[in-house]
Amino acid sequence: MKLRDIFFLGLPAIVLWVAGIFVFGIFLIKWFWMWTIPALCPGAVAQGLVAAHISWWTALKLSVLVALLAAITNISKN
């Protein structure tokens, strides 16, 4: 779905769509971090260099970062 197709949905639909992607991204990042980081870096987690779990706030910031990187990648394709 291209961005110009989304604008035909109307503003409330766009806001709900973007909010849903961010919420899904937050849950996905928290789940990914919880299962992957301790498995890949058990020594770093044991020494306290890397957190085994991240907060909701950190997951939100990572979700925004991933969304911005995806937007930059999508914009630079044209």
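How many helices and strands are there in the protein chain? The chain holds four helices and zero strands, where helices (H or I, at least four residues) and strands (E, at least two) are DSSP runs numbered from the N terminus. Along the sequence, the pattern reads α-α-α-α. The model is predicted, so local features need pLDDT of at least 70 and side-chain atom pairs count only at pLDDT 80 or more, while totals for chains, interfaces and linings use all residues. Residues are numbered from 1 along each chain as its sequence is written, and side-chain values use heavy atoms, with hydrogens and water left out.

Of the 78 residues, 13% are buried, that is, under 20% relative accessible area; exposed means over 50%, and partly exposed lies in between (1.4 Å probe, protein chains only). Among contacts (heavy atoms within 4.5 Å) with a separation of 6 or more, 51% join residues 24 or more positions apart. The accessible surface comes to about 6,300 Å², with 77% belonging to carbon and sulfur atoms.

Helix α2 spans residues 11-40 and includes Met 34. Met 34 counts as partly exposed because its relative accessibility is 35%. Together with Phe 24, Leu 28, Trp 31, Phe 32 and Trp 35, Met 34 forms a nonpolar patch on the surface.

Thr 36 also has its place in helix α2. Is Thr 36 buried or exposed? Thr 36 counts as buried because its relative accessible area is 18%. The side chain of Thr 36 reaches the backbone oxygen of Phe 32 at 2.8 Å.

Technical notes:
Areas by Shrake-Rupley, 256 points an atom, 1.4 Å probe, with all protein chains shown as cover. Patch = residues over 30% accessible without salt bridge, like charges linked within 9 Å, V, L, I, M, F, W, Y side chains within 5 Å. Salt bridge = Lys/Arg side-chain N within 4 Å of Asp/Glu carboxyl O. Polar contact = N/O pair within 3.5 Å; in protein donor to acceptor, adjacent residues only side chain to side chain.
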